[in-house]
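Have the model open and follow along.

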Amino acid sequence: ISDAIRDGAEGFFRTQYGTISKMAVLLGLVIFSIYMFRSTNPHQESSGVGRATSAYITVAAFFLGALCSGIAGYVGMWVSVRANVRVSSAARRSAREALQIAVRAGGFSALVVVGMAVVGIAILYATFYVLLEVDTPGAMKVTELPLLLVGYGFGASFVALFAQLGGGIFTKAADVGADLVGKVEQGIPEDDPRNPAVIADLVGDNVGDCAARGADLFESIAAEIISAMILGGTMAKRCKIEDPSGFILFPLVVHSFDLVISSVGIFSIRNTRDSVVLGAIEDPMAILQKGYSVTIVLAVLTFGLSTRWMLYTEEAPSAWMNFALCGLVGIMTAYAFVLITKYYTDYKHEPVRSLALSSATGHGTNIIAGVSLGLESTALPVLVISVSIISAYWLGQTSGLVDESGSPTGGLFGTAVATMGMLSTAAYVLTMDMFGPIADNAGGIVEMSQQPESVREITDLLDAVGNTTKATTKGFAIGSAALASFLLFSAYMDEVASFANVPFNQVDIAIPEVFVGGLLGSMLIFLFSAWACSAVGRTAQEVVNEVRRQFIERPGIMDYKEKPDYSRCVSIVASASLREMIKPGALAIISPIAVGFIFRVLGYYTGQPLLGAKVVCSMLMFATVSGILMALFLNTSGGAWDNAKKYIETGVLGGKGSECHKAAVTGDTVGDPFKDTAGPSLHVLIKMLATITLVMAPIFL
């Protein structure tokens, strides 16, 4: 069974990344031609980086980012299709061993992903440093260097967006098709070998959750490192700091420590004693949280050390303490996000239980309860983000770093440091995330190979915990996307200022064109989500029809006399998801460029020189705000619906097969494209909009 899953996943991965690489080459050519025909900024001209050089550099960075992002996704999938069968085998012996194998497999791919992000940027930085003879007389200043890396972030987010869209459509269309016909119409359990769509569903877990989430978090870290390097460089230049390299390389050091402390956290989950105590199985969530707490304590210590080591300057001897506190704010934000998401999606807590209860009165009430739970769940995270942005900004402003005129300048760098703090445990959080699909797959293999009920109980428990950890990682990813995109558009304003040679530090929403830009940004989020969800719906319809056809034409399937044709469903979903991922992806790439260019032309004729840049900035801000709220709503409601169904399957409210359970399955089906297609694609979209404007800034001027 695991061989069939592996073949399906690797086949789809090859086709999908073939398509993505063709689009990347096209986009690379577009970027190259734009950079060849644009104005360069005065700093770059004086340091001898002409149009051709900056075109080659940006395109090279773009391709490297895209390549690394692809490798990050491949590693995630490669590990998960090999770990799933090992976890199902371990579940026959003990729950603790199954948990340990799933966590270590997730940990391996998580460490590779974070390591790739750090190594990729370090190599690029070092290469450009040597090739352009940085800091020699007449050459480029080191504070200008990070601006050349923006192509890397764009390449990474480009691949992550399509990986997330394609993988998300694949996994959820198969899942919805399998559930609707299998559970609701035929009344057979989840992952039953008689269901023709079951292999497609299990393949989807690998390409949608492991490969796509690997590329996604890779891109989060890459975008955040680059924007923090740009802001560190700008601030060091303004404050005339003698050796600015500490401020520029600081993000790389933080994420290198992340690898070490997350490894310690992963290894703290050991198979110490047999975990069946008095017949009760230990709660896997508690074990994972223990590991997370270990990681967080270490993160606080290493973060303090690295701020003292990298950010100490004679100009402001106590500034590093303020920045260490900013990092602490970020780490606390991450922890708060994990707790809030856990509260709204774990069935130990009130929200999911009342959602399950609403299923007792039918399908409609379940949907109403799920939608309102999702809407409510946006409030706390937004308050947490708001407090952390303001407090980090304020800590940065009061750090004692001042520019020539004596006004404080550390604010934005403070928020950058908070974002680093938030992502300083990223490898462990990604481990918890990768653990989910591996456990889910293991459960599928156990069910399909008809193992005893006791083994299925262990994998079910791991799977329910995996659902919660997947939801918490999404919460974490949205929080970091919110902070990172705030940084990215500060970096964008810095870049516009350096190209246009005029200060550009605020955007007035009261100007009608700028307000319209904001409206368009918010609209983009809703349209993108709509297209992503309807893609899942359309593909699921094909799967449902195919599964029904097989049940009618092969009546022997139900009593195990005939084998269903699994590969048919896999190929339907694979071809449909590749076809469907193009439209929303193209929307995301084309719209900011089109808006910026149209308003640039308009500004030229109405005598408003920076109109294009201002409208794009407003589009970015509004898209970020509505995108974060939308993604929180989609992810939390989807995760809650799924776990409400899991809660009923534990035997409450009539258990499996009851009317209540059928209503919960409907809710879960509605939530599937929310939480695994539209939601995760949105926070990639938010950061991609920011990186694309950074790369394309010259067109808007």
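Asp 460 and Arg 456 sit four residues apart in helix 15, so about one helical turn separates them (helices, H or I and at least four residues, and strands, E and at least two, are DSSP runs numbered from the N terminus). Their side chains meet in a salt bridge, 3.1 Å from N to O; the term asks for a side-chain nitrogen of Lys or Arg within 4 Å of a carboxyl oxygen of Asp or Glu. Arg 456 is buried, with a relative accessible area of 8%, while Asp 460 counts as partly exposed at 26%. Buried here is under 20% relative accessible area, exposed is over 50%, and partly exposed is in between, using a 1.4 Å probe and protein chains only.

A word on the ground rules: this is a predicted model, where local features need pLDDT of at least 70 and side-chain atom pairs count only at pLDDT 80 or more, while totals for chains, interfaces and linings use all residues. Residues are numbered from 1 along each chain as its sequence is written, and side-chain values use heavy atoms, with hydrogens and water left out.

Back to the charges: the whole structure holds 37 salt bridges. One of them joins Lys 470 to Asp 209, with the closest N and O atoms 3.2 Å apart. That pair links distant parts of the chain, from helix 15 (residues 453–500) to helix 6 (residues 198–238), 261 residues apart. Both Lys 470 and Asp 209 are buried. Asp 642 and Lys 675 make another salt bridge, at 3.4 Å from N to O. Asp 642 belongs to helix 19 and Lys 675 to helix 20, so this pair ties together parts 33 residues apart in sequence.

Now the rings. There are 20 aromatic pairs, meaning rings of Phe, Tyr and Trp (its six-membered ring) with centres within 6.5 Å; planes under 30 degrees apart are stacked, over 60 edge-to-face, and the rest tilted. Phe 13 and Tyr 74 have ring centres 5.2 Å apart and planes at 55°, so they are tilted. Phe 13 lies in helix 1 and Tyr 74 in helix 3, 61 residues apart. Phe 250 and Phe 303 go edge-to-face, 5.8 Å centre to centre with 80° between the planes. Phe 62, Phe 63, Phe 154, Phe 158 and Phe 162 form one aromatic cluster.
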